[in-house]
Amino acid sequence: MNTLSSPRLTDLLERLHGEADAADREHVEAMQAKIAAPGASIEALAMDLLADERADYRATYRDRADNFLAVSPEYGRFLYAIARSCRATRIVEFGTSMGISTLYLAAALRDNGGGHLIGSEMEVSKVARARANLQAAGLADLVDIRAGDALETLKDVGGTVDLMLVDGAFSLYLSVLKTIEPWLKPSAVVLGENAFEPEYLAYVRNPANGYMSLALPDEGRGNEFSVKLS
Ligand SMILES: C[S@@+](CC[C@H](N)C(=O)[O-])C[C@H]1O[C@@H](n2cnc3c(N)ncnc32)[C@H](O)[C@@H]1O
């Protein structure tokens with residue numbers, strides 16, 4: 001048995017995904033209604049969200065302090081599998097929220113024999129909830145969730161990075177990637193969840209910047225998979 005399939009973690013994740021569905025239902029339905037409106041599209045909605053964030057990303061996420069905005073169970077298992085396959089021992093996460101994605105990644109670290117996950121979250125109430133969830137999972141010893149703006153808190157991650165999950169403010173993806181880039185190992189994997197920022201996509205898809213990058217088949221969620229080649 002691995003850590004992810006242990007009853008302790010499966011029970012916790014089932015509960016948290018349920019809480020996330022309930023907390024985010026209204027928000028998700030509002031987004032779905034916008035996409036379904038005549039002449040609308042997921043790409044246009046993403047551009048609207050980016051424009052709102054660019055005006056004040058802190059206010060945008062303060063308004064979402066009670067929302068999980070978490071990865072799906074399928075994407076969580078994908079995170080676990082990628083972290084196992086690259087034998088990650090140092091993982092960085094931009095955007096921890098209540099720690100659902102963190103639980104999948106920390107489980108992989110445990111099964112890789114140990115390591116460090118450096119998370120980042122600017123909503124203090126979410127930091128407390130994420131820490132409590134990691135404690136409940138028995139994975140807190142592997143994780144350092146840094147409270148505050150990732151543009152500051154992730155400047156020094158203490159060593160080379162095997163895997164990065166980019167899942168915070170949509171409008172900061174490229175800025176945060178560039179903050180972490182000096183720490184990325186050759187062959188490091190960078191996963192952009194909801195990577196809609198045009199500047200981010202142009203950067204990772206330009207071979208001159210040293211990545212191989214492609215969109216994952218994901219029904220418009222904007223999941224980008226990038227490998228730092230050198
Ligand atoms: C999509 S949610 C993350 C979901 C989480 N990865 C999961 O799957 O459970 C994005 C989170 O990023 C946080 N965030 C946004 N911009 C941030 C920043 N500049 N620094 C730190 N956290 C940020 C938000 O408060 C929000 O909780």
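Helix α5 passes helix α6 in a right-handed crossing, a crossing being right-handed if the near helix is turned clockwise from the far one by less than a right angle, and left-handed if anticlockwise. In this predicted model, local features need pLDDT of at least 70 and side-chain atom pairs count only at pLDDT 80 or more, whereas totals for chains, interfaces and linings use all residues. Residues are numbered from 1 along each chain as its sequence is written.

Helices α5 (residues 100-111) and α6 (residues 124-137) pack at an angle of about 35 degrees, and their axes are 10 Å apart. Axes are lines fitted to C-alpha atoms, for helices over the stretch in contact, with angles running from 0 to 180 degrees between N-to-C directions. Helices (H or I, at least four residues) and strands (E, at least two) are DSSP runs, numbered from the N terminus. Residues T102, L103 and A106 of α5 meet A130, N133, L134 and A137 of α6, contact being defined by C-beta atoms, placed from the backbone, within 7 Å.

Seven strands form an open sheet of mixed pairing in the order β3-β2-β1-β4-β5-β7-β6; strands pair if DSSP finds at least two bridges between them. Because β3 (143-147) and β6 (211-215) stand at the edges, each with a single partner strand, one side of each is left without a neighbour in the sheet. The twist averages 15 degrees from one strand to the next. Strand β2 (residues 116-121) pairs with β3 in the parallel sense over five bridges, and E121 stands opposite A147 in β3. Helix α4 (residues 73-85) packs on the sheet, where α4 touches β1 (90-94), β4 (161-166) and β5 (184-192). The direction of α4 makes about 165 degrees with that of β4.

Notes: Two residues are in contact if their C-beta atoms, placed from the backbone, lie within 7 Å.
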